[in-house]
Amino acid sequence: MRREIPLIITFIIGVMLIAALFIPRKPFPDLDSEFSRWFDIIAVFAFVLGGGNLLQVHIDRITRGHKDRWYSLVTVVSFLFTLIVGMLKVGGDPGIKGNYIAEGTWFKVIYDAVFTPLTASMFSLLAFFVASASYRAFRAKTREATILLIAAFIILVGRTPLGYYLTYWLPEPLQFLHIPNLSAWILSTPNLAGQRAIMIGIALGIISTSLKLILGIERSYLGREK
Amino acid sequence: MIKPVFSLLLGALIQLSEDPPAPGPLKILTFHGESVPGIFTLMELTWTLNQPDPETISYRLYRFTPEGEPLLVAQLPPKTHRYEDHVSAGYFFHRYRLEVWEGDSLREWKETEALVAHQGGFVGFRGEDVPHDGGKEIQLFWNWDMPGIEPQEVRIYRNQQGQNRWVLVGSVNKGATRYLDVGTQDGVPYNYLLRAYAPGKIFESQPVEGITSQASWMDMRKINLLIISLLIMGAVLYYILRAGKKEMFIRKIAGLEAIEEAVGRATEMGRPVLYVPGIQDLDDVQTLAGLTILGSVAKLTAQYETKLDVPVSRSLVMSNGREVVKEAYLSVGRPDIYHDDIVHYVTDEQFGYVAAVDGIMVREKPAACLYLGAFFAESLILAETGNSVGAIQVAGTAMPSQLPFFVAACDYTLIGEELFAASAYLSRDQQAIASLRGQDVGKAMALVAIVLGTLLVTAAQVSGSGFLRVLSDGFLRLFALNY
C-alpha cells in the first residue's frame with residue numbers, strides 16, 4: 001500500500017486537473033488553485049523537516065570537528081537567531097496578530113540589512129559569469145562557434161546606438177542589412193524558430209512524462225518498492 | 001470649599017468638551033427626480049440634507065401644473081428621502097419643489113426638473129448567456145442610433161421574471177455597446193432594460209425578456225486543444241501498451257552517456273559527485289525528471305563507492321530524494337554505504353541556495369557536477385563555478401531561457417525533451433522507451449502541420465484565391481488558442 005495509495009492519488013488528481021482545463025462548470029475551474037493551496041500546506045509542514053535536517057547536518061559537523069565546522073557554526077547561529085527573533089517578533093508587537101516583518105522588528109532589520117544585500121551580491125555575480133561564459137562560448141574554434149560569435153556580435157551591436165550609426169546610411173533596398181534590422185531579424189526568425197522547436201519538444205516531453213506519472217508507469221520517483 | 005468648586009469647574013469643562021458641535025443651518029444638498037424604469041407615469045424623487053434629519057422637521061412636496069401652479073402632492077415625516085408620484089403621460093419633464101418645514105416656519109426649499117424617460121435610440125438590444133463558461137454571467141449587446149444625441153452614460157437595469165421592480169445592475173460610459181452582467185442565478189430567467197442619459201434627456205430601450213445563464217459542461221473553444229491532446233496521449237499510450245520484450249532503438253544522447261564517464265572520473269580522482277535536482281518543488285515535472293535520473297546516478301555512485309552529494313532547496317524534494325537514493329543503493333546491494341545526509345536540505349531561498357552550493361563546489365571540488373531539473377537565474381552561477389573547479393558538467397533543463405547558459409558553461413547539455421527522455425534512456429525500461437516513440441508521433445504531427453500550414457498560407461498569399469484563404473485561415477484556427 002506504500003506505493004499504491006500515492007499512485008491512486010496521483011491518478012485521480014491528474015485526471016481531474018486535465019478535465020478541469022476543459023470543463024468550465026464549478027468546481028473544476030478552481031481545482032488547480034485549490035490543489036496548489038493544499039500542496040503549499042503540505043510543503044509548510046515539510047519545511048520543519050528541512051529546517052531539522054539543516055540543524056542536524058551542521059550540528060553533527062560541529063560536534064565531529066569537521067574541517068568546515070566554522071561555516072556550520074555560522075549557519076546554525078544565523079538560522080537559530082533569525083528563527084527566534086522572527087518567532088518572538090522582537091522589536092515589534094509580540095501578540096498573535098503582530099507582524100513579524102513590520103517596520104522596526106529585528107527580523108525586518110536582518111532581512112533588509114543582511115539578507116537583501118547578500119542576495120543582491122550573489123545575483124550580481126551573474127554579470128561577471130556572463131562575461132566569462134560568453135568569452136568561452138564565442139571563441140571561433142569551430143564553424144558553429146563562429147556563426148554563434150557573428151550572430152552574438154550583430155545582436156550586441158544592433159542593440160546599441162553604435163549599430164544604428166554604423167549602417168543608417170544604407171539605401172532603402174539594402175536596409176535589411178542595417179544592423180538593428182539584422183539584429184531584430186536574427187531574434188525574430190532563426191532564434192524564434194529554434195526556440196519554438198525546443199518548446200514543442202518540451203511540451204511533448206511534459207505530456208509524455210505526465211502521462212507516465214498519472215498512469216503509474218513512471219514510479220521511480222516514489223523510491224522503494226517495499 | 002476649594003475641592004467642590006474645582007470638581008464643578010472640571011465637570012463643566014468635561015461637559016463642554018463632550019457636547020457635539022452645534023449644527024450649521026439646515027440645507028437641502030441634493031434633490032433629484034426621474035421616471036421609474038419601465039413606468040413612464042411614475043416619478044421617483046430623492047433628496048438628501050446636509051445633516052441628519054431633526055425630529056422636528058417635516059417635508060412638503062409640490063408638483064407644478066402646466067400652468068405653473070404648485071400642487072401639494074405629499075406631506076412627509078422626517079427621515080423620508082424618497083417619494084414616488086403618479087403623473088399623467090405625455091410630458092418630457094415635471095417640475096417639483098421640496099420644502100422643509102419646522103413647525104409653522106419654512107426652513108429651506110429647492111426645485112428640480114424631473115425628467116420623463118422616452119423610448120428610442122437603442123437598436124439591436126439583445127442578451128444571451130455567455131457561452132463556454134461556468135455560468136452566472138449574461139452578456140448584453142446594443143447599438144445606439146439617434147442622430148445628434150450622444151448618451152453620456154447607459155445604465156443597465158434587471159428584474160427577475162414575475163417581479164415588478166427594475167434593479168440597477170451597472171452602467172457604462174458613452175460609446176460602450178456591451179455589458180457583462182456577473183452574478184446572475186443559473187436557470188433563473190431575467191429581463192433587462194437600458195437607459196441612456198443625454199443632457200436633459202433620458203431614453204429607454206424596450207426590455208429584453210427571459211434570458212437565463214447556465215454553466216457549460218465543455219468549453220468548446222478548447223475542442224481543438226482536446227483533440228490534439230487526445231491524439232498525442234493516444235499515441236504515447238498505444239506505444240506503451242505495445243511495448244514488448246524486443247529492445248527498441250533509442251538514439252544516443254551524448255549528455256547521458258557522459259554521466260557514467262563523469263562518475264567514473266570522480267571515482268578515479270577520489271572526489272565527490274554533486275547532483276543538483278533544480279530549485280523547484282515536487283509539483284514541477286522537471287524536478288520529478290531530475291529525481292528519476294538521480295536514481296540512475298545513485299546506482300552508479302553506489303557501485304563505484306563514490307561519494308554523492310545532493311543539496312536540495314525544498315524539503316519535499318529532500319524527503320523524496322532520500323527515498324530515491326536509498327532505493328538505488330539497495331538495488332545494487334550497497335545499503336551499507338547509504339546515509340541520509342547524501343540528500344540534505346539547504347534553503348528555499350534561490351540565491352542562498354546558490355551561495356551554499358557554490359561553497360560546496362569550492363571547498364569539496366567535486367569531479368562531476370550534474371544539474372538536472374528546473375533552473376532560473378542561478379543556472380550560470382552554478383555552472384561557471386563548477387567550471388572554475390574543473391568539474392565535468394552535465395546539465396539538463398526544460399527552461400528555454402536557461403539553456404544557452406548551460407550550453408556555454410557545461411560540457412554536455414540535455415535540451416528540453418532530452419531531460420524527460422533521460423530516465424527511459426538510463427533505465428532501458430521498454431515501456432518508458434516506447435513512450436518516446438509516442439512523443440515522436442506528436443513531433444511528426446507538428447512537422448506535418450507546420451509544412452502544410454506554410455504551404456497553404458504561401459499559396460493563399462501568392463494566388464490571392466479566396467478559397468485558399470478560407471482554407472488557410474481555417475487551418476490556422478485549428479492550432480490557435482481561441483480563449
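**Discussion of the model**

Mentor: Arg428(B) is found in the loop between α9 and α10 of chain B; helices (H or I, at least four residues) and strands (E, at least two) are DSSP runs, numbered from the N terminus. This is a predicted model, in which local features need pLDDT of at least 70 and side-chain atom pairs count only at pLDDT 80 or more, while totals for chains, interfaces and linings use all residues. Residues are numbered from 1 along each chain as its sequence is written, chains are lettered from A and ligands numbered from 1 in the order in which they are written, and side-chain values use heavy atoms, with hydrogens and water left out.

Trainee: What is the phi of Arg428(B) near?

Mentor: Phi of Arg428(B) is near 60°, a positive value in a residue other than glycine.

Trainee: And is Arg428(B) buried, exposed or partly exposed?

Mentor: Arg428(B) has a relative accessible area of 37%. Buried means under 20% relative accessible area, exposed over 50%, and partly exposed in between (1.4 Å probe, protein chains only), so Arg428(B) counts as partly exposed.

Trainee: Which loop holds Lys365(B)?

Mentor: Lys365(B) sits in the loop between α6 (350–364) and β20 (368–372) of chain B. Lys365(B) is not a glycine, yet its phi is positive, about 45°. Its relative accessible area is 38%, which makes Lys365(B) partly exposed.

Trainee: Where is the cis peptide bond?

Mentor: The cis peptide bond joins Lys26(A) and Pro27(A), with omega about 10°. Pro27(A) belongs to the loop between α1 and α2 of chain A.

Trainee: Where do Asp60(A) and Arg64(A) lie?

Mentor: Both are in helix α2 (residues 28–64) of chain A, 4 residues apart, about one turn of the helix. Asp60(A) is partly exposed at 29% relative accessibility, whereas Arg64(A) is exposed at 55%.

Trainee: What about Glu417(B), which residue does it pair with?

Mentor: Glu417(B) forms a salt bridge with Lys443(B), and their closest N and O atoms are 2.7 Å apart. This pair links distant parts of the chain, since Glu417(B) is in helix α9 (residues 417–427) of chain B and Lys443(B) is in helix α10 (residues 430–463) of chain B, 26 residues apart. Lys443(B) is partly exposed, with a relative accessible area of 30%.

Trainee: Which residues are linked in a network of salt bridges?

Mentor: The network links Arg95(B), Arg97(B), Glu99(B), Glu111(B) and Glu113(B).

Trainee: Let us turn to Arg158(B). Is it buried or exposed?

Mentor: Arg158(B) is buried, with a relative accessible area of 19%. Its place is in strand β11 (residues 153–160) of chain B. The side chains of Arg158(B) and Asp181(B) are joined by a polar contact of 2.8 Å. A polar contact is a pair of N or O atoms within 3.5 Å; within protein, one must be able to donate a hydrogen and the other to accept it, and residues adjacent in sequence count only if both atoms are side-chain atoms.

Trainee: Now the interface. How many residues does each chain give to the contact?

Mentor: Chain A gives 59 residues and chain B gives 70 residues, where contact means heavy atoms within 4.5 Å. The area buried between chain A and chain B is about 5500 Å², and carbon and sulfur atoms give 70% of it. Buried area is the accessible area (1.4 Å probe) that two parts lose on being put together, summed over both.

Trainee: How many salt bridges and polar pairs cross the interface?

Mentor: There are 2 salt bridges between chain A and chain B, and 12 residue pairs are in polar contact across the interface, both residues being at pLDDT 80 or more. In chain A, α1, α2, α4 (106–137) and α8 (190–214) each supply at least two residues of the side that touches chain B. The most comes from α8(A), with 16 residues.

Notes. A salt bridge is a side-chain nitrogen of Lys or Arg within 4 Å of a carboxyl oxygen of Asp or Glu.
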